[in-house]
Amino acid sequence: MRTLKAFLAVLLSVIMLLSMAACGGDQTPETTDPVGTTAPADGGEATEPTEPQGFEVQTKTCGNFEISVLGAERILGRSDVPAIRIYYQYTNNASYTAKAINDLDTAVTQNGETIDTVFAADDIPEDYYKELYVRPGATIRCTTVRELADETSPVTFTVGDYVTDESIEVEFDLANLPGAPAEAFEIAPVTDPQSLAGLAAEGTLDEKYAVKITGVEKTEDRSGNPALVVHYSYTNNSDEALRFISAVKAKVFQDGIQLDEGIPSDVKDPAYKMKNEKCEVGQTVEVDMYFKLRSTSPCEVEVCDSHITMATDEYFEERIGLIYTVE
């Protein structure tokens with residue numbers, strides 16, 4: 001009996017030793033790298049991976065304009081050239097009607113050299129807004145599209161007031177571009193425009209051109225979209241034959257932003273064609289122009305002399321115009 005007990009004691013000791021050896025053996029502990037970290041092969045300290053850095057919109061008042069740089073994205077230009085589209089917007093705080101291509105100074109460089117403007121393969125409305133006149137107090141979003149000199153070097157964008165030389169400068173890392181603005185741009189409605197208050201619908205511009213706005217109608221353009229047709233009577237009292245569109249600037253504004261010209265369903269209409277036909281000295285002609293409506297806000301129908309800038313006192317004196325309520 002004593003021998004059996006001794007045998008069992010030895011057996012239990014052996015089992016305990018084997019268990020301890022198994023627990024203390026050479027084990028590889030289970031490891032789980034936290035998401036977003038990388039353990040170096042040399043056993044050094046783990047580092048965070050490179051991720052796109054956040055982009056902060058930059059806004060600054062530059063002379064007569066409050067300007068914001070909103071973002072940038074890689075796109076293809078026409079003929080599939082690599083390009084960058086940079087988004088910016090401005091509020092016109094001047095006393096005159098302005099447009100970005102005239103009143104803002106923009107530059108885009110890469111490796112210290114200016115890179116060329118290019119048309120986008122898939123354009124958006126903002127690509128053309130820099131060509132539109134903007135009333136005081138109105139805000140518009142624009143872009144500049146440039147062909148990349150290479151696909152790795154940073155791109156520097158500078159935009160500011162052309163007159164005061166005040167500007168914003170932003171450098172974009174092509175590997176970490178912020179992309180297009182998250183929110184789509186919507187032009188703020190202007191329900192009670194005042195820029196043409198007190199003007200008559202007819203007059204003599206530059207003492208040479210008698211112009212009268214004889215009527216305004218809502219219609220459709222060639223694509224079936226809402227449009228405005230404006231009827232003008234134009235008398236050339238200058239000393240040379242001149243086209244209507246050469247003698248005067250005929251524009252329509254809606255929500256403080258110039259409307260694009262449209263094309264009528266009948267492009268052979270004589271009054272529509274007359275805007276491009278020479279009017280002889282002393283001759284009076286009837287001219288129609290079409291404009292693409294953007295909203296249901298009232299429209300400002302305006303005509304001024306083409307030889308003066310909108311930033312001068314003469315512009316305010318040499319205008320005719322009326323307000324048309326879109327129904």
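Me: What makes the contact of R74 and E151 a salt bridge?
Reply: In this predicted model, their side chains come to 2.5 Å, N to O. The cut-off is within 4 Å, so the pair qualifies. R74 sits in strand 2, and E151 in the loop between strand 6 and strand 7. They are 77 residues apart, so this pair links distant parts of the chain.

Me: Why is R74 called partly exposed?
Reply: Its relative accessibility is 35%. Buried means under 20% and exposed over 50%, so R74 falls in between. E151 is partly exposed too, at 46%.

Me: How do you know whether R85 is buried or exposed?
Reply: R85 has a relative accessible area of 4%. That is under 20%, so R85 is buried.

Me: Which salt bridges does R85 form?
Reply: One is with E73, at 3.1 Å, N to O. E73 lies in strand 2 and R85 in strand 3, so the pair ties together parts 12 residues apart in sequence. Another is with D127, where the closest N and O atoms are 3.0 Å apart. Both values are within 4 Å, so both pairs count.

Me: Why is D127 called buried?
Reply: Its relative accessibility is 8%. The limit is under 20%, so D127 counts as buried.

Me: What makes strand 2 and strand 3 a pair?
Reply: They share 11 bridges, in the antiparallel sense. At least two are needed, so they pair. V69 stands opposite Y88 in strand 3.

Note on methods
Residues numbered from 1 in each chain as written. Predicted model: local features only at pLDDT ≥ 70, side-chain atom pairs only at ≥ 80, totals over all residues. Heavy atoms only, no water. Helix = DSSP H or I, 4+ residues; strand = E, 2+ residues; numbered from the N terminus. Buried < 20%, exposed > 50% of the residue type's maximum accessible area, 1.4 Å probe, protein only.
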